Amino acid sequence: MLLKFALIVSIAGLAGLAQEIKRVPAKATSKASGVEMYRAYCSPCHGLQGKGDGPAAPALKKQPLDLSQLSRNNGGKFPAGRIQSALNEVGTAAHGSREMPIWGDVFRAMEHDSAGVAMRTMNLAKYIESLQQK
């Protein structure tokens, strides 16, 4: 089964030309590895350190959220439940602009069961928590 088109990738043009966004099928990853999922799905826009400076960021209309500041912006507590909820959304873009993929739909296409989707969102949120600046 083909996965839904979800991953945003930046295609660099020639010098002086604007970058464009190309949607490609999401790469299959291990649901047990937050780092693998983050690198495949999040880092193109949010960057490897979560600062919103990934290679696709310049081509987006809205700057990607600095994920390394989530705890700082939430009174020093990482908002794990809010992050897991945002990752698990279905068919809406309440977690960000329409440019951000709906990962819940993508994860459901990969897993076909709620336990697998829950494991993905939990492990990805745990990895994002590890990116928090002290």
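Student: Is D105 buried or exposed?

Tutor: D105 is buried, with a relative accessible area of 18%, where buried means under 20% relative accessible area, exposed over 50%, and partly exposed in between, using a 1.4 Å probe and protein chains only. This is a predicted model, in which local features need pLDDT of at least 70 and side-chain atom pairs count only at pLDDT 80 or more, while totals for chains, interfaces and linings use all residues. Residues are numbered from 1 along each chain as its sequence is written, and side-chain values use heavy atoms, with hydrogens and water left out.

Student: Which residue does D105 form a salt bridge with?

Tutor: D105 pairs with R108, their closest N and O atoms being 3.8 Å apart; a salt bridge here is a side-chain nitrogen of Lys or Arg within 4 Å of a carboxyl oxygen of Asp or Glu. R108 is partly exposed, at 28% relative accessibility.

Student: And how many salt bridges does the structure hold?

Tutor: It holds three. K31 and E111 meet in one of them, at 3.2 Å from N to O. K31 lies in the loop between β2 (20-25) and α1 (34-46) and E111 in helix α3 (residues 103-111), so this pair ties together parts that are 80 residues apart in sequence; helices (H or I, at least four residues) and strands (E, at least two) are DSSP runs, numbered from the N terminus.

Student: Which residues are linked in a network, then?

Tutor: Salt bridges link K31, E111 and R120 in a network, with the side chains of E111 and R120 meeting at 2.8 Å, N to O. R120 is buried at 3%, and E111 is also buried at 14%, whereas K31 is partly exposed at 31%.
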